[in-house]
Amino acid sequence: YARTFSLNDETLKELQTVQNEHIAFTEKEIARLWEHVYDKMFVDVILIQCYSGWRPKELGLIELKSVDLKKRLIKGGIKTEAGTDRVITLSPKIVPIVKRLVADAKPYIFPDKHGKMLTDAHFRKEIFYPLLSHLGIQPIPDKDHPAKYVPYSCRHTFAQLMKNAIGADTDKAGLMGHAHPSMTKYYQAPDLDSKRAITDQL
């Protein structure tokens, strides 16, 4: 039988936004970010978001007390019941850069350039777009040249990276802060290699 579930207004709004305008970074672009993780300020923050899936508004709210390096996890999140105070386990790839940020945290892990809480607008306009432009990933968007990548693209990248990782769909949805795995699939674009991996097993 078909199992049904309901989506609250915030989730429906997020779903509509996801379907309209967001895509994930390519492997080449992720590699470009890693090339500059230690010599360009805030590249580490973008990479952490790509490997942990925080919503842009959630990122700036994370405090030192929410990080447990021994267990390799961060607790945080807002917006939905499934997303609030969720636990994100950390990929070994980003643990070193999280440790570096934690060492300077007081109290926010991802502060703005002035050490204050990082807002969504400040991250987008003052950090994300200028940094991607500097790295040659995309020019600073304007009314005639809309952005290919937006801060939410990091969240899409996380979902895409999880797509081929072995694990239960419910756990992947939990990492995204989704109440149901069906929501997570909207963040995951089909790709040729994944399709081939499936048909090669037939």
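This report walks through a few local backbone and side-chain features of a predicted model.

Let's start with helix H6, which covers residues 120-134 and includes His-134. His-134 has a relative accessible area of 51%, so the residue counts as exposed, the cut-off being over 50%.

His-134 also pairs up with a residue from another part of the chain. Its side chain makes a polar contact of 3.0 Å with the side chain of Lys-40.

Most peptide bonds are trans, and most residues other than glycine have a negative phi.

Going from Lys-106 to Pro-107, the peptide bond is cis, and its omega is near -10 degrees. Pro-107 belongs to the loop that links helix H5 (95-103) and H6.

## Two positive phi values

Phe-42 is not a glycine, but its phi is positive, near 80 degrees. You'll find Phe-42 in the loop between helix H2 (27-35) and helix H3 (43-50). With a relative accessible area of 8%, Phe-42 is buried, because buried means under 20%.

Arg-72 is another non-glycine residue with a positive phi, this time about 55 degrees. It's in the loop between strand E1 (67-68) and strand E2 (73-76). So is Arg-72 buried, exposed or partly exposed? Its relative accessibility is 38%, so Arg-72 counts as partly exposed.

Notes:
Residues are numbered from 1 along each chain as its sequence is written. This is a predicted model: local features need pLDDT of at least 70, side-chain atom pairs count only at pLDDT 80 or more; totals for chains, interfaces and linings use all residues. Side-chain values use heavy atoms; hydrogens and water are left out. Helices (H or I, at least four residues) and strands (E, at least two) are DSSP runs, numbered from the N terminus. Buried means under 20% relative accessible area, exposed over 50%, partly exposed in between (1.4 Å probe, protein chains only). A polar contact is a pair of N or O atoms within 3.5 Å; within protein, one must be able to donate a hydrogen and the other to accept it, and residues adjacent in sequence count only if both atoms are side-chain atoms.
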